[in-house]
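Please open the structure in your viewer and keep the selection tool at hand.

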Amino acid sequence: MQFPEGFVKKYETILGDEARAFLASFDDEAVSAFRINPLRESQVSFSDAIPNTPWGYYGKVSGKSQEHVTGLVYSQEPAAQMVAQVAQPKPGMKVLDLAAAPGGKSTQLVSYLAGDGLLVSNEISSKRAKILVENMERFGATNVVVTNESTDRLAKVFKGYFDLIVLDAPCSGEGMFRKQPDAMDYWSVDYPGQCASLQREILEDAVNMLGEGGRLVYSTCTWAPEENEEIINWLLDTYDFELIPIEHINGMVPGIDLPETARMYPHHFKGEGQFVAHLKFKGQNKAGKFKPSKSNLSSEQISLWQDFEKKHLKEKLTGVLQVFGDQLYLLPEVLPDIGKLKIARNGLHLGTFKKKRFEPSFALGLALKPSQVKQGIEIHQEDFVKYVAGETVQLAETLPNGWYQVLVGGNGLGFAKVTGNTLKNYFPKGLRFKVKN
Ligand SMILES: C[S@@+](CC[C@H](N)C(=O)[O-])C[C@H]1O[C@@H](n2cnc3c(N)ncnc32)[C@H](O)[C@@H]1O
């Protein structure tokens with residue numbers, strides 16, 4: 001591999017005798033892996049588990065497979081999986097993923113929250129925020145709000161609010177060189193220092209949003225000390241934090257002069273590059289005033305939703321119902337009013353009010369467990385291929401007309417209408433694809 005000028009020298013200085021093994025590791029293939037989604041009712045057994053992880057496996061899953069399309073798996077290389085594993089929120093917590101797209105850490109954080117509590121998943125780029133929404137929906141996340149904000153605007157609304165903040169910071173990306181060699185085009189000797197200034201700015205906002213006793217998990221996918229240990233030392237010097245030691249599993253090594261933090265190098269750890277630090281906030285932030293979110297449905301909309309709920313769901317969904325135009329959303333109950341923020345996903349999209357009727361969304365049919373829904377239709381691989389390509393599916397029998405949850409491998413893939421023995425196609429146009437035989 002042809003490294004940028006200055007990179008080899010830098011790591012020879014940092015790693016000494018180990019530099020040769022480190023640089024040689026770039027000739028090996030990048031390590032592929034995925035996580036299973038523990039919130040899916042129907043599971044598949046995979047082999048080659050990543051040791052010491054609850055949900056990680058080595059290997060590749062096709063983006064066109066049933067497992068991917070129904071959100072049973074999320075592709076993520078092993079080192080990146082360590083960040084949310086260090087954070088490990090408990091159900092009920094209020095969590096912020098401050099730089100979240102495309103959603104690797106966020107999907108793992110909601111796996112820990114298990115539908116209880118709140119994840120605010122934020123992404124500054126609107127293009128990337130759309131991808132984040134798509135990934136959170138596919139994963140079936142219910143208690144997640146996706147914001148598309150700068151961190152300073154977010155900090156004005158969420159002062160002293162969160163129990164846990166994860167900042168997977170924009171960085172010089174050295175740890176991605178093997179997977180995406182074009183990441184090297186941006187690199188120069190000065191680049192890590194420039195990234196560090198941005199990281200400090202973002203962290204100032206992050207600190208403002210921590211509640212009493214809150215935790216901060218800081219990570220990068222680079223080995224540059226300027227963006228890692230130097231940032232953590234700056235945090236410790238500037239604010240009232242203490243480091244929580246990270247257990248060095250699977251070949252992680254201690255950070256430079258900060259043994260509580262963790263570095264992942266490909267010649268020690270089977271994965272790409274990563275740095276993680278775990279901190280507890282001992283300072284105090286005056287919490288902002290939080291008004292609860294309010295429902296804004298008309299009585300007609302309430303009864304249309306309740307009719308749908310009674311007819312199709314086995315249990316009532318909890319949360320705050322809100323409409324935006326004709327779109328109905330379910331917000332997590334703990335979420336305060338965040339009306340001033342740019343929102344990319346206002347909680348779980350339940351569906352659309354159309355003249356005197358309610359049509360359930362694709363996201364709802366992905367999020368609900370089949371055991372929560374009264375009627376579902378399982379389709380097998382041959383019909384799955386037709387369905388994701390946008391075709392209707394002929395059923396073996398005639399069923400009562402109405403909405404059914406489409407089931408693939410025992411997990412939901414949206415809702416669709418049946419008329420007679422035809423399952424109409426409700427797979428979103430923008431997501432359709434063809435599977436080659
Ligand atoms: C390392 S990536 C996040 C990856 C993500 N956490 C995941 O696991 O899928 C860093 C993110 O920071 C965002 N970003 C860039 N500049 C930013 C800024 N000034 N403030 C906040 N986020 C920024 C990028 O758009 C990018 O999505």
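The stops below cover the nonpolar cores, several salt bridges and an annotated site.

The model is predicted, so local features need pLDDT of at least 70 and side-chain atom pairs count only at pLDDT 80 or more, while totals for chains, interfaces and linings use all residues. Residues are numbered from 1 along each chain as its sequence is written, and side-chain values use heavy atoms, with hydrogens and water left out.

**First stop: the nonpolar cores**

Select Phe158, Leu203, Met209, Leu216, Ile232 and Leu235, the residues with the most contacts inside the largest nonpolar core, which has 40 residues. Helix α8 (residues 191-208) supplies the largest share of this core, 5 residues. A nonpolar core here is a set of buried Ala, Val, Leu, Ile, Met, Phe, Trp, Tyr and Cys residues joined through side-chain atoms within 4.5 Å. Buried means under 20% relative accessible area, exposed over 50%, and partly exposed in between (1.4 Å probe, protein chains only). Helices (H or I, at least four residues) and strands (E, at least two) are DSSP runs, numbered from the N terminus.

Now centre the view on Met209. Leaving aside neighbours within four places in sequence, the residues in contact with Met209 include Leu96, Leu98, Phe158, Phe162, Ile165 and Asn285; contact means heavy atoms within 4.5 Å. Then select Met82, Ala100, Val144 and Leu164, which are among the members of a second, separate core of 31 residues. In soluble globular proteins, nonpolar side chains tend to be buried together.

**Second stop: salt bridges**

The structure holds 13 salt bridges, each a side-chain nitrogen of Lys or Arg within 4 Å of a carboxyl oxygen of Asp or Glu. Side chains of opposite charge can pair when their charged atoms come close.

Select Arg138 and Glu134, whose side chains form a salt bridge at 4.0 Å, N to O. Both lie in helix α6 (residues 126-138), and because they are 4 residues apart, about one helical turn separates them. Arg138 counts as buried at 16% relative accessibility, whereas Glu134 counts as partly exposed at 37%.

Next, select Glu272 and Arg178, which meet in a salt bridge at 2.8 Å, N to O. This pair links distant parts of the chain, 94 residues apart: Glu272 is in the loop between β11 (258-264) and β12 (274-281), and Arg178 is in the loop between β7 (162-168) and α8. Are these two residues buried or exposed? Glu272 and Arg178 are both buried.

Move on to Lys354 and Glu359, joined by a salt bridge at 3.4 Å, N to O. Lys354 is partly exposed, at 34% relative accessible area, and Glu359 is buried, at 15%.

**Third stop: the annotated site**

Select Ala99, Ala100, Ala101, Pro102, Gly103, Gly104, Lys105, Glu123 and Asp168, which UniProt lists under "binding site" in an unreviewed entry. UniProt positions are given in the numbering used here, feature names are shortened, and annotations may be inferred rather than shown by experiment.

Which of its neighbours does Pro102 touch, not counting residues up to four places away in sequence? They are Tyr74, Arg128, Ile131, Leu132 and Asn135. Pro102 itself sits in the loop between β4 (94-97) and α5 (104-113) and is partly exposed, with a relative accessible area of 39%.

Finish at Gly104, in helix α5. Gly104 is buried, at 10% relative accessible area, and touches Arg35, Tyr74 and Gln76, again not counting residues up to four places away in sequence.
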